[in-house]
Amino acid sequence: MVGTVVGWIFAALGVLVLVLLFAPVVVGVSYREETFSLWVRVLFVRVRIYPAREKKPKAERRKAKKKEKKGKEKKPRPKRTLRQWLYLIKRIASSAGSAMGIAGKGLWIYDVDFSIAVHAGDAGDTAVRVGQLQAAVGGVRALLENWFRVRYKRLVVTPDFAGQMDHMPSFACKIAVCPVIMLIAGIVGLRAFRRYRKVYGPPPLSKEQWQELLERRERRAAEAAAKRGETAPKEEKPPGARAS
(Lines give C-alpha, C1' and ligand atoms only; values in the text may rest on other atoms or scores of the structure.)
Protein backbone atom coordinates (compact mmCIF):
# COMPACT_ATOMS: atom_id res chain seq x y z
CA MET A 1 0.00 0.00 0.00
CA VAL A 2 2.78 2.41 0.96
CA GLY A 3 4.74 1.53 -2.19
CA THR A 4 1.69 2.25 -4.35
CA VAL A 5 1.21 5.69 -2.74
CA VAL A 6 4.89 6.53 -3.19
CA GLY A 7 4.73 5.41 -6.83
CA TRP A 8 1.72 7.64 -7.47
CA ILE A 9 3.51 10.58 -5.82
CA PHE A 10 6.56 10.12 -8.04
CA ALA A 11 4.34 9.74 -11.11
CA ALA A 12 2.51 12.98 -10.25
CA LEU A 13 5.84 14.77 -9.76
CA GLY A 14 7.06 13.47 -13.12
CA VAL A 15 3.91 14.69 -14.86
CA LEU A 16 4.28 18.08 -13.16
CA VAL A 17 7.90 18.38 -14.32
CA LEU A 18 6.91 17.48 -17.89
CA VAL A 19 4.11 20.05 -17.84
CA LEU A 20 6.48 22.75 -16.57
CA LEU A 21 9.10 21.86 -19.20
CA PHE A 22 6.67 21.99 -22.12
CA ALA A 23 4.38 24.78 -20.88
CA PRO A 24 5.32 28.14 -22.44
CA VAL A 25 6.72 30.81 -20.15
CA VAL A 26 5.39 34.24 -21.13
CA VAL A 27 7.41 37.39 -20.39
CA GLY A 28 5.70 40.77 -20.72
CA VAL A 29 7.72 43.95 -21.31
CA SER A 30 6.30 47.46 -21.61
CA TYR A 31 7.51 51.05 -21.52
CA ARG A 32 4.73 53.63 -21.43
CA GLU A 33 4.65 57.15 -20.05
CA GLU A 34 8.27 56.87 -18.82
CA THR A 35 7.38 53.78 -16.78
CA PHE A 36 9.01 50.40 -17.35
CA SER A 37 7.28 47.18 -16.29
CA LEU A 38 8.22 43.51 -16.50
CA TRP A 39 6.22 40.43 -15.57
CA VAL A 40 6.43 36.66 -16.02
CA ARG A 41 3.57 34.16 -16.36
CA VAL A 42 3.87 30.38 -16.00
CA LEU A 43 0.60 28.54 -16.68
CA PHE A 44 -1.94 30.52 -14.63
CA VAL A 45 0.53 32.16 -12.24
CA ARG A 46 1.64 35.70 -13.04
CA VAL A 47 4.51 37.35 -11.14
CA ARG A 48 5.45 41.00 -11.40
CA ILE A 49 9.23 41.46 -11.56
CA TYR A 50 9.49 45.22 -12.00
CA PRO A 51 8.49 47.51 -10.45
CA ALA A 52 8.99 45.35 -7.40
CA ARG A 53 6.58 45.48 -4.52
CA GLU A 54 7.59 47.34 -1.39
CA LYS A 55 9.21 45.00 1.10
CA LYS A 56 8.82 45.02 4.83
CA PRO A 57 11.54 46.72 6.90
CA LYS A 58 12.42 43.39 8.56
CA ALA A 59 13.49 41.92 5.25
CA GLU A 60 15.63 45.00 4.57
CA ARG A 61 17.36 44.60 7.93
CA ARG A 62 18.11 40.95 7.18
CA LYS A 63 19.57 41.92 3.81
CA ALA A 64 21.72 44.59 5.44
CA LYS A 65 23.08 42.01 7.89
CA LYS A 66 23.84 39.59 5.07
CA LYS A 67 25.67 42.33 3.17
CA GLU A 68 27.76 43.10 6.24
CA LYS A 69 28.74 39.44 6.54
CA LYS A 70 29.57 39.19 2.85
CA GLY A 71 31.45 42.52 2.90
CA LYS A 72 34.86 40.88 3.04
CA GLU A 73 37.65 42.15 0.88
CA LYS A 74 38.22 40.13 -2.27
CA LYS A 75 41.36 39.96 -4.33
CA PRO A 76 41.06 42.12 -7.46
CA ARG A 77 40.92 40.09 -10.66
CA PRO A 78 43.52 40.82 -13.34
CA LYS A 79 42.20 42.97 -16.16
CA ARG A 80 41.74 41.37 -19.58
CA THR A 81 43.83 42.60 -22.47
CA LEU A 82 42.41 43.56 -25.87
CA ARG A 83 43.50 40.23 -27.39
CA GLN A 84 41.74 38.35 -24.56
CA TRP A 85 38.54 40.37 -25.06
CA LEU A 86 38.61 39.63 -28.80
CA TYR A 87 39.17 35.94 -28.06
CA LEU A 88 36.17 35.95 -25.67
CA ILE A 89 33.93 37.75 -28.19
CA LYS A 90 34.85 35.28 -30.95
CA ARG A 91 34.22 32.38 -28.60
CA ILE A 92 30.79 33.67 -27.57
CA ALA A 93 29.84 34.49 -31.18
CA SER A 94 30.80 31.01 -32.42
CA SER A 95 28.81 29.31 -29.66
CA ALA A 96 25.81 31.65 -30.00
CA GLY A 97 25.54 31.00 -33.74
CA SER A 98 24.91 27.29 -33.22
CA ALA A 99 22.46 27.89 -30.37
CA MET A 100 20.42 30.70 -31.94
CA GLY A 101 19.00 28.44 -34.64
CA ILE A 102 17.55 26.14 -31.96
CA ALA A 103 16.49 28.99 -29.66
CA GLY A 104 14.59 30.63 -32.51
CA LYS A 105 12.27 27.61 -32.70
CA GLY A 106 11.39 27.87 -29.02
CA LEU A 107 10.88 31.63 -28.77
CA TRP A 108 7.90 33.58 -30.08
CA ILE A 109 7.55 37.37 -29.89
CA TYR A 110 4.00 38.64 -30.32
CA ASP A 111 1.75 41.65 -29.68
CA VAL A 112 4.63 44.00 -30.49
CA ASP A 113 3.35 47.57 -30.08
CA PHE A 114 5.67 50.50 -30.84
CA SER A 115 4.72 54.11 -31.43
CA ILE A 116 6.59 57.42 -31.38
CA ALA A 117 5.90 60.97 -32.52
CA VAL A 118 8.76 62.88 -34.16
CA HIS A 119 9.25 66.65 -34.23
CA ALA A 120 12.54 68.23 -35.37
CA GLY A 121 11.53 71.89 -35.61
CA ASP A 122 11.35 72.43 -39.36
CA ALA A 123 8.93 70.40 -41.47
CA GLY A 124 11.75 69.21 -43.75
CA ASP A 125 13.93 68.13 -40.82
CA THR A 126 10.95 66.35 -39.30
CA ALA A 127 10.33 64.42 -42.50
CA VAL A 128 14.00 63.42 -42.72
CA ARG A 129 14.01 62.25 -39.09
CA VAL A 130 10.84 60.23 -39.66
CA GLY A 131 12.44 58.53 -42.65
CA GLN A 132 15.55 57.67 -40.61
CA LEU A 133 13.46 56.19 -37.79
CA GLN A 134 11.34 54.18 -40.21
CA ALA A 135 14.50 52.76 -41.78
CA ALA A 136 15.85 51.84 -38.33
CA VAL A 137 12.56 50.17 -37.36
CA GLY A 138 12.58 48.23 -40.61
CA GLY A 139 16.15 47.02 -39.97
CA VAL A 140 15.31 45.83 -36.46
CA ARG A 141 12.17 44.13 -37.79
CA ALA A 142 14.14 42.26 -40.46
CA LEU A 143 16.75 41.19 -37.89
CA LEU A 144 14.10 39.83 -35.51
CA GLU A 145 12.20 38.02 -38.25
CA ASN A 146 15.43 36.38 -39.40
CA TRP A 147 15.82 34.55 -36.07
CA PHE A 148 12.41 34.43 -34.36
CA ARG A 149 8.72 34.23 -35.06
CA VAL A 150 7.30 37.73 -34.62
CA ARG A 151 3.73 39.03 -34.74
CA TYR A 152 3.17 42.78 -34.72
CA LYS A 153 0.27 44.67 -33.30
CA ARG A 154 1.31 48.21 -34.25
CA LEU A 155 4.46 49.90 -35.57
CA VAL A 156 3.85 53.62 -35.93
CA VAL A 157 6.26 56.53 -36.50
CA THR A 158 4.13 59.69 -36.62
CA PRO A 159 5.45 63.04 -37.89
CA ASP A 160 4.49 65.90 -35.58
CA PHE A 161 4.87 69.01 -37.71
CA ALA A 162 3.04 71.25 -35.22
CA GLY A 163 4.96 70.01 -32.16
CA GLN A 164 1.81 69.39 -30.11
CA MET A 165 2.08 65.61 -29.52
CA ASP A 166 3.79 63.61 -26.82
CA HIS A 167 7.22 62.62 -28.18
CA MET A 168 7.99 59.90 -25.63
CA PRO A 169 8.16 56.44 -27.25
CA SER A 170 5.72 53.71 -26.24
CA PHE A 171 6.68 50.05 -26.46
CA ALA A 172 5.16 46.76 -25.35
CA CYS A 173 5.51 43.12 -26.32
CA LYS A 174 5.11 39.58 -25.05
CA ILE A 175 7.72 36.85 -25.37
CA ALA A 176 6.71 33.17 -25.14
CA VAL A 177 9.54 30.73 -24.39
CA CYS A 178 9.49 26.93 -24.45
CA PRO A 179 11.74 25.77 -21.57
CA VAL A 180 12.69 22.44 -23.20
CA ILE A 181 13.91 24.00 -26.44
CA MET A 182 15.76 26.78 -24.60
CA LEU A 183 17.41 24.15 -22.39
CA ILE A 184 18.57 22.25 -25.47
CA ALA A 185 19.84 25.50 -27.02
CA GLY A 186 21.76 26.29 -23.83
CA ILE A 187 23.40 22.85 -23.82
CA VAL A 188 24.37 23.17 -27.50
CA GLY A 189 25.79 26.66 -26.91
CA LEU A 190 27.77 25.50 -23.87
CA ARG A 191 29.24 22.57 -25.79
CA ALA A 192 30.22 24.89 -28.64
CA PHE A 193 31.74 27.32 -26.13
CA ARG A 194 33.91 24.55 -24.70
CA ARG A 195 34.78 23.10 -28.10
CA TYR A 196 36.11 26.47 -29.29
CA ARG A 197 38.94 26.30 -26.75
CA LYS A 198 39.89 22.77 -27.83
CA VAL A 199 40.00 23.75 -31.52
CA TYR A 200 41.63 27.19 -31.32
CA GLY A 201 43.57 26.80 -28.06
CA PRO A 202 43.47 28.77 -24.77
CA PRO A 203 43.20 32.59 -24.67
CA PRO A 204 46.42 34.60 -25.13
CA LEU A 205 48.27 35.61 -21.96
CA SER A 206 49.37 39.11 -21.03
CA LYS A 207 52.96 39.86 -19.97
CA GLU A 208 52.05 39.76 -16.27
CA GLN A 209 50.15 36.46 -16.65
CA TRP A 210 53.02 34.95 -18.66
CA GLN A 211 55.57 36.03 -16.01
CA GLU A 212 53.38 34.56 -13.26
CA LEU A 213 53.11 31.29 -15.22
CA LEU A 214 56.90 31.10 -15.63
CA GLU A 215 57.46 31.80 -11.92
CA ARG A 216 55.01 29.04 -11.03
CA ARG A 217 56.82 26.61 -13.33
CA GLU A 218 60.18 27.58 -11.82
CA ARG A 219 58.90 27.01 -8.29
CA ARG A 220 57.54 23.59 -9.19
CA ALA A 221 60.80 22.62 -10.95
CA ALA A 222 62.85 23.80 -7.96
CA GLU A 223 60.67 21.84 -5.53
CA ALA A 224 60.96 18.69 -7.67
CA ALA A 225 64.75 19.13 -8.00
CA ALA A 226 65.08 19.66 -4.24
CA LYS A 227 63.26 16.40 -3.59
CA ARG A 228 65.60 14.56 -5.96
CA GLY A 229 68.66 16.36 -4.57
CA GLU A 230 69.48 17.98 -7.92
CA THR A 231 70.14 21.57 -8.90
CA ALA A 232 67.31 23.72 -10.17
CA PRO A 233 67.01 24.09 -13.96
CA LYS A 234 67.78 27.33 -15.74
CA GLU A 235 65.12 30.04 -15.89
CA GLU A 236 62.80 30.09 -18.87
CA LYS A 237 62.13 33.30 -20.75
CA PRO A 238 58.95 34.35 -22.48
CA PRO A 239 59.00 34.30 -26.29
CA GLY A 240 60.47 37.50 -27.74
CA ALA A 241 62.40 38.41 -24.59
CA ARG A 242 65.86 39.87 -25.17
CA ALA A 243 68.93 38.28 -23.66
CA SER A 244 70.55 40.37 -20.88
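**Strands and rings in a predicted model**

Colleague: How many bridges join S2 to strand S3?
Modeller: In this predicted model, numbered from 1 along each chain, local features need pLDDT of at least 70, side-chain atom pairs pLDDT 80 or more, and totals for chains, interfaces and linings use all residues. Side-chain values use heavy atoms, without hydrogens and water. S3 (residues 45-50) runs antiparallel to S2; strands are DSSP E runs of at least two residues, numbered from the N terminus, and pair if DSSP finds at least two bridges between them. The number joining S2 to S3 is five.

Colleague: Which residue in the turn between S2 and S3 has a positive phi?
Modeller: The two strands form a hairpin with two residues between them. The positive phi, about 55°, belongs to Leu 43.

Colleague: What is the bridge partner of Ser 30 in S2?
Modeller: S1 (residues 25-32) pairs with S2 (residues 35-42) in the antiparallel sense over eight bridges. Within S2, Ser 30 is partnered by Ser 37.

Colleague: Why is the pair of Phe 36 and Tyr 50 tilted?
Modeller: The whole structure holds two aromatic pairs (Phe, Tyr or six-membered Trp rings, centres within 6.5 Å; stacked under 30 degrees, edge-to-face over 60, the rest tilted). For Phe 36 and Tyr 50 the centres are 5.8 Å apart, and the pair is tilted because the planes stand at 45°.

Colleague: How many residues apart in sequence are the parts that this pair ties together?
Modeller: Phe 36 lies in strand S2 and Tyr 50 in strand S3. Tyr 50 is also the bridge partner of Leu 38.

Technical notes
Helices (H or I, at least four residues) and strands (E, at least two) are DSSP runs, numbered from the N terminus.
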